[in-house]
Amino acid sequence: SLSWSQTQLCLSWSWQIPASSDTYGSMIVQIYKRTAAGLQLQDIEGDLKLVLWMPSMGHGSVPAQTEKLSTGLYRISNVFFIMPGDWDLHFQLLRDGKKVEEATQRIFL
């Protein structure tokens with residue numbers, strides 16, 4: 001899981017439909033907070049955005065689309081990697097259209 005320090009929220013994600021350089025994919029993202037009783041799904045204040053970035057080549061990909069499914073549960077679709085290689089997944093929290101926090105995970109295709 002990844003975390004955002006300011007909001008003290010965590011996220012985990014899994015492929016619903018794996019994305020590649022040939023296939024548009026989608027993922028399910030869970031946002032939660034840690035409580036004394038365990039993990040609790042939590043809505044974010046603002047919007048969730050995924051930015052795909054290929055650091056070795058210095059470019060991104062097409063914009064992904066986020067859809068809220070229920071409390072703390074989101075689907076991110078239109079995920080597409082335009083070429084194989086290393087990609088950073090930048091999970092951003094936005095308020096009023098401005099980035100307030102970001103958690104990043106690197107994947108390799």
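**Exercise 1. Find the partner of Glu102 and say how exposed Glu102 is.**

Start with the pair: Glu102 makes a salt bridge with Lys99, with 3.6 Å between the closest N and O atoms. Next comes accessibility: Glu102 counts as partly exposed because its relative accessibility is 32%, where buried means under 20% relative accessible area, exposed over 50%, and partly exposed in between (1.4 Å probe, protein chains only).

A quick note on the model: it's a predicted one, where local features need pLDDT of at least 70 and side-chain atom pairs count only at pLDDT 80 or more, while totals for chains, interfaces and linings use all residues. Residues are numbered from 1 along each chain as its sequence is written, and side-chain values use heavy atoms, leaving out hydrogens and water.

**Exercise 2. Count the salt bridges in the whole structure, then work through the one at Asp43.**

The count first: searching the whole structure turns up 4 salt bridges. In one of them, Asp43 pairs with Lys68, the closest N and O atoms being 2.8 Å apart. This one ties together distant parts of the chain, 25 residues apart: Asp43 sits in the loop between β4 (38-41) and β5 (47-54), and Lys68 in strand β7 (residues 65-70). Strands here are DSSP runs (E, at least two residues), numbered from the N terminus. As for accessibility, Asp43 is partly exposed at 27%, and Lys68 is partly exposed at 46%.

**Exercise 3. Describe the surroundings of Asp88.**

Step one, the salt bridge: the side chains of Asp88 and Arg106 meet at 2.6 Å, N to O. Asp88 is in strand β9 and Arg106 in strand β10 (residues 98-108), 18 residues apart, so the pair links distant parts of the chain.

Step two, accessibility: Asp88 is buried, with a relative accessible area of 9%, whereas Arg106 is partly exposed at 44%.

Step three, the contacts (heavy atoms within 4.5 Å): setting aside neighbours within four places in sequence, Asp88 touches Val51, Leu52, Trp53, Pro55, Thr104, Gln105 and Arg106.

**Exercise 4. Now do Arg95.**

Classify it: Arg95 counts as partly exposed, because its relative accessibility is 32%. List its contacts: beyond neighbours within four places in sequence, they are Thr7, Glu45, Gly46 and Val100. Finally, go for a distance: the C-alpha atoms of Arg95 and Pro55 are separated by 26 Å, with the two residues 40 apart along the chain.

Key
Helices (H or I, at least four residues) and strands (E, at least two) are DSSP runs, numbered from the N terminus.
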